[in-house]
Amino acid sequence: MDEYLKLLTIERGARRIRLRSPAKINLFLEPLRKRADGYHELVTVMQTIDLCDEVEVELCGSEIELECDRPGVPAGSGNLAWRAAEAFAAESGVELGVRIRLAKRIPVGAGLGGGSSNAAITLLGLNELHGLPLSRRRLVRVAASLGSDVAFFLYGGTALCTGRGERVKRLKPAPEFWVVLVMPPIGVSTGEVYGRLDLDLTDRHSVRRMLRSINRSDVQLLVRSLHNGLAGTVFAGYPSLRSLREEVVREGLPYPQLSGSGSTLYGVCCTEAEASETSLRLQHRLRSDVLVAVARNRLASAKENCHGDHRSQDHPEGGRQ
Ligand code: C5P
């Protein structure tokens with residue numbers, strides 16, 4: 001089992017595996033051009049964080065069954081994890097029988113990649129339980145057919161992603177930092193944001209400085225290199241999100257950024273103390289339906305992970321709903 005899968009594994013039996021399914025943030029995102037297939041060519045640096053769903057994959061029965069603890073999340077083929085199981089069976093030729101259970105903590109439609117992560121982790125879990133019928137290359141191909149950022153979650157950590165996001169180059173892990181996540185109850189449609197994007201209006205940023213900051217493990221430089229080329233388009237379409245950004249700036253969240261196409265705003269802090277303090281302040285000042293959480297850009301091993309407990313008051317499930 002590779003290191004990443006080991007980090008994600010909570011429990012492993014012969015026919016059942018329980019895995020963490022991490023969220024991501026985009027440290028850098030620049031759309032470059034529209035392609036003939038309607039997608040946008042982009043450059044993005046993605047980073048997994050330790051805000052995680054749980055995915056349980058159990059081999060049983062003769063169909064794909066999916067259960068989810070969050071109302072409103074589709075339980076059938078509308079769920080990317082369900083489609084991942086279907087695509088895994090088609091590519092590998094194995095006969096399914098699988099029950100997938102999702103325990104959701106990552107908000108939906110928030111730019112944190114929860115659905116894509118669940119799909120990738122389902123692929124990893126199925127491949128593990130079936131004795132690795134698919135090579136890494138074939139898993140990446142299946143992942144890319146499901147969505148642009150699914151392949152990234154087969155690797156996790158820090159990665160430079162190009163193409164429409166599905167070409168993943170692993171990077172040296174970014175220096176350790178904490179993020180304060182501000183998650184309003186606004187679902188943003190990624191397709192709609194890309195549809196309104198006017199590439200003539202945006203100044204191109206180079207990813208070079210971000211890569212340098214990662215290479216040098218320089219958090220200060222990383223913070224100065226954060227960038228999201230979709231932000232202008234998102235804020236133009238969602239004025240309430242723009243106001244929220246102004247509010248969190250006033251409350252001292254450092255350099256708030258959108259993750260992906262939003263709606264999550266995040267700020268990077270160098271220390272856990274700074275992140276916790278900022279998070280508490282925001283929880284008291286923002287509307288009660290805006291979730292605030294602290295996460296780290298490292299996954300501790302599932303065994304030493306007491307994170308959800310000691311920070312439960314900051315967590316979407318343990319904190320304000
Ligand atoms: O690939 P995914 O399903 O996540 O993308 C959702 C939508 O976002 C696509 O249908 C497309 O309209 C838009 N998109 C894009 N360029 C990308 C990624 C997504 O235009 N690189």
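**Ground rules.** I'm working with a predicted model, where local features need pLDDT of at least 70, side-chain atom pairs count only at pLDDT 80 or more, and totals for chains, interfaces and linings use all residues. Residue numbers start from 1 along each chain as its sequence is written, and side-chain values use heavy atoms, with hydrogens and water left out.

**Ligand shell.** I got Gly38, Tyr39, His40, Leu42, Gly147, Ser148, Arg164, Thr190, Gly191 and Tyr194.

**Polar contacts.** I took N or O pairs within 3.5 Å. Ser148 puts a polar side-chain atom 2.6 Å from a ligand oxygen. His40 uses a polar backbone atom, 2.8 Å from a ligand nitrogen. For Arg164 I found a backbone N or O atom 2.9 Å from a nitrogen of the ligand. Taken alone, the ligand exposes 450 Å², and the protein buries 70% of that (Shrake-Rupley, 1.4 Å probe).

**Which elements?** I used DSSP runs, with helices as H or I of at least four residues and strands as E of at least two, numbered from the N terminus. β3 (40–59) and α5 (190–196) are the elements that give two or more residues to the ligand shell. The largest share, three residues, comes from α5.

**Helix α4.** Leu139, Val142, Ala143, Ala144 and Leu146 are buried in α4. Their cover includes α2 (80–92) and α3 (114–129), with contact meaning heavy atoms within 4.5 Å.

Conventions:
Buried means under 20% relative accessible area, exposed over 50%, partly exposed in between (1.4 Å probe, protein chains only). A residue is near a molecule or strand if one of its heavy atoms lies within 4 Å of it. A polar contact is a pair of N or O atoms within 3.5 Å; within protein, one must be able to donate a hydrogen and the other to accept it, and residues adjacent in sequence count only if both atoms are side-chain atoms.
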